[in-house]
Amino acid sequence: MLLDIERIAPCMPGAVLDSVTGDDFTGRVKVKLGVITMTYQGKASFVEKDEAAHRAVIDARGKDQRGNGTAAAVVTATLAEEGDHTRVDVLTDLNITGRPAQFGDGAS
């Protein structure tokens, strides 16, 4: 299920999936940082699918719809068995530019 982006996207707050072609997909994500709300539109793709390690890596890049900057993220999701449940660990390496990046020190 972790590799089925059409089933996973609705679980991500603010995310809207627009299209899927193989391992590539497009969409939008709405992010609120303090008093600022941005909507990034862009493209993403699976860059790693390791079923044996229960791990998937997605590279995503987008632009703010109002032209206030860009965002790039590498998202690594790993599944771990916990009894009769599965835990999903998600690590995101996010880089932003433009107006939202000015709030970086204050948002820490």
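Tutor: Start with strand 1 and strand 2 in this predicted model. Six bridges join them, and they run antiparallel.

Student: What makes strand 1 and strand 2 a pair?

Tutor: The cut-off is at least two bridges between two strands. Strand 1 and strand 2 have six bridges, so they count as paired. Look at Ala15, which stands opposite Val29 in strand 2.

Student: What lies between strand 1 and strand 2 in their hairpin?

Tutor: Two residues lie between them. Gly22 is in the turn, with a positive phi of about 65°.

Student: How do you know that strand 2 pairs with strand 3?

Tutor: Set the count against the cut-off again. 10 bridges join strand 2 to strand 3, and a pair needs at least two, so these strands pair. They run antiparallel. Lys30 stands opposite Thr39 in strand 3. This hairpin has two residues between the strands, and Gly34 takes a positive phi near 65°.

Student: What joins strand 3 to strand 4?

Tutor: 10 bridges join them, in an antiparallel run. The cut-off is at least two, so the two strands are a pair. Several partners can be named. Gly42 has Gly62 of strand 4 as its bridge partner. Lys43 stands opposite Arg61. Ser45 is partnered by Asp59.

Student: Which residue in the turn between strand 3 and strand 4 has a positive phi?

Tutor: His54, at about 55°. Four residues separate the strands of that hairpin.

Student: How many bridges hold the pairing of strand 4 and strand 5?

Tutor: Nine, in the antiparallel sense. Val57 has Thr76 in strand 5 as its bridge partner. The hairpin of strand 4 and strand 5 has five residues between them. Gly67 in the turn has a positive phi of about 80°.

Student: What order do the strands of the open sheet take?

Tutor: The order is 1-2-3-4-5-6, with antiparallel pairing. The sheet has six strands.

Student: Why are strand 1 and strand 6 said to stand at the edges?

Tutor: Each has a single partner strand, so one side of each is left without a neighbour in the sheet.

Student: What else does the protein chain have besides six strands?

Tutor: Two helices. Along the sequence the pattern is α-β-β-β-β-β-β-α. The C-alpha trace spans about 40 × 30 × 20 Å along its principal axes.

Student: What is the volume of the largest pocket?

Tutor: About 1,100 Å³. The lining has 42 residues, and the closest to the pocket centre are Met12, Val29, Ala60, Ala73 and Val75. Elements that give two or more residues to this lining include helix 1 (5-8), strand 3 (36-50) and helix 2 (104-107).

Student: Which strand gives the most to the lining of the largest pocket?

Tutor: Strand 2, with eight residues.

Student: How do the residues of that lining divide into nonpolar, polar and charged?

Tutor: There are 31 nonpolar, seven polar and four charged. Take Met12, one of the closest to the pocket centre. Met counts as nonpolar, so Met12 belongs in that group.

Student: What makes you say that Lys49 lies over the face of Phe46?

Tutor: The Lys49 distance is 4.9 Å from the ring centre. The cut-off is within 6 Å, so that value passes. The direction must also be within 35 degrees of the ring normal.

Student: How many aromatic pairs does a search of the whole structure find?

Tutor: One. To count, ring centres must lie within 6.5 Å.

Definitions and conventions: Residues are numbered from 1 along each chain as its sequence is written. This is a predicted model: local features need pLDDT of at least 70, side-chain atom pairs count only at pLDDT 80 or more; totals for chains, interfaces and linings use all residues. Side-chain values use heavy atoms; hydrogens and water are left out. Rings of Phe, Tyr and Trp (its six-membered ring) pair if their centres lie within 6.5 Å; planes under 30 degrees apart count as stacked, over 60 as edge-to-face and the rest as tilted. On a 1 Å grid over the protein atoms alone, a cavity is a set of points where a 1.4 Å probe fits but cannot get out, and a pocket is an open set with protein on both sides within 12 Å along at least five of seven lines; lining residues have an atom within 4 Å of a point. Grid points are joined across faces, edges and corners, and a volume is the space filled by probe spheres set on the points.
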